[in-house]
Amino acid sequence: MADFKVLGICGSLRKASLNMVALRACHELLPSGMKLEITSIADIPMYNQDVFDAGIPQAVKRFYDEVAAADGVLIATPEYNFSVPAVLKNAIDWVSKMPNQPFSNKPVAVFSASTGPLGGARVQYDVRRILVQLWGLVLPKPEVFIGGAAAKFADGKLTDETTRKFLTELLTGFGDWIARMQKK
Ligand code: FNR
């Protein structure tokens, strides 16, 4: 595999986020040739066209540059009320309005962790739907839903071996997907 730079985005801002723990665990599960850098969307203000028109905030510019520079984007997100957490949708909304919006033709993989039994199945389909509108190239399979997540993490670590195996398969599949999508 060529060297692929992947940007990790977490849809939860809380310090003990299980999704963030799972995203960090991906550092240990990457296929060779793939690098992961995890960004923060905590400092992105709420989208407001007036603020946009007055001058794009630095945090949004930084996020735009990070997405634009990545070979692929890996999103780990909880499900809030059957859908996408506002912070994640907000970050995507901001950059979607910028010239050459950076999700166009960008390979993206999504996984979710939830304390509920379905593991965030519904949020993933909403994330996919949003990214389709932006011409993002969302990895179709494998899908990883980390359900009943409270039992799969301990002391700030992803301890469930089956979940680690699923994430390893996701990352390997994502590497293949990026290579396939970059082929002219
Ligand atoms: C939730 N949670 C949740 N879980 C789920 O499976 N489906 C849902 O619709 C919701 N809805 C929901 C709404 C709100 C406002 C919160 C705060 C939480 C529970 C959620 O899966 C759980 O809190 C996760 O631990 C959140 O992810 P992080 O922060 O641990 O990454």
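The largest pocket holds about 170 Å³ of space; this volume is the space filled by probe spheres set on grid points joined across faces, edges and corners. A pocket here is an open set of points, on a 1 Å grid over the protein atoms alone, where a 1.4 Å probe fits, with protein on both sides within 12 Å along at least five of seven lines. This is a predicted model: local features need pLDDT of at least 70, side-chain atom pairs count only at pLDDT 80 or more, and totals for chains, interfaces and linings use all residues. Residues are numbered from 1 along each chain as its sequence is written, and side-chain values use heavy atoms, with hydrogens and water left out.

**Pocket lining**
- Residues that line the largest pocket, with an atom within 4 Å of a point, include Arg-14, Asn-19, Glu-79 and Ser-114.

**Ligand contacts**
- Of the 14 residues around the ligand (a heavy atom within 4 Å of it), Ser-12, Arg-14, Ser-17, Asn-19 and Ser-114 come nearest.
- A polar side-chain atom of Asn-19 lies 2.8 Å from a ligand oxygen atom, and a side-chain N or O atom of Glu-79 lies 2.8 Å from a ligand nitrogen atom.
- A polar backbone atom of Phe-82 is 2.8 Å from an oxygen atom of the ligand.

**Cysteines**
- The count of disulfides (pairs of cysteine sulfur atoms within 2.5 Å) is zero.
- Cys-10 is in no disulfide, and its nearest cysteine sulfur, that of Cys-26, is 11 Å away.
- Cys-10 is buried (under 20% relative accessible area, with a 1.4 Å probe and protein chains only), at 4%.
- Cys-26 is also buried, at 0% relative accessibility.

Methods
A polar contact is a pair of N or O atoms within 3.5 Å; within protein, one must be able to donate a hydrogen and the other to accept it, and residues adjacent in sequence count only if both atoms are side-chain atoms. Buried means under 20% relative accessible area, exposed over 50%, partly exposed in between (1.4 Å probe, protein chains only).
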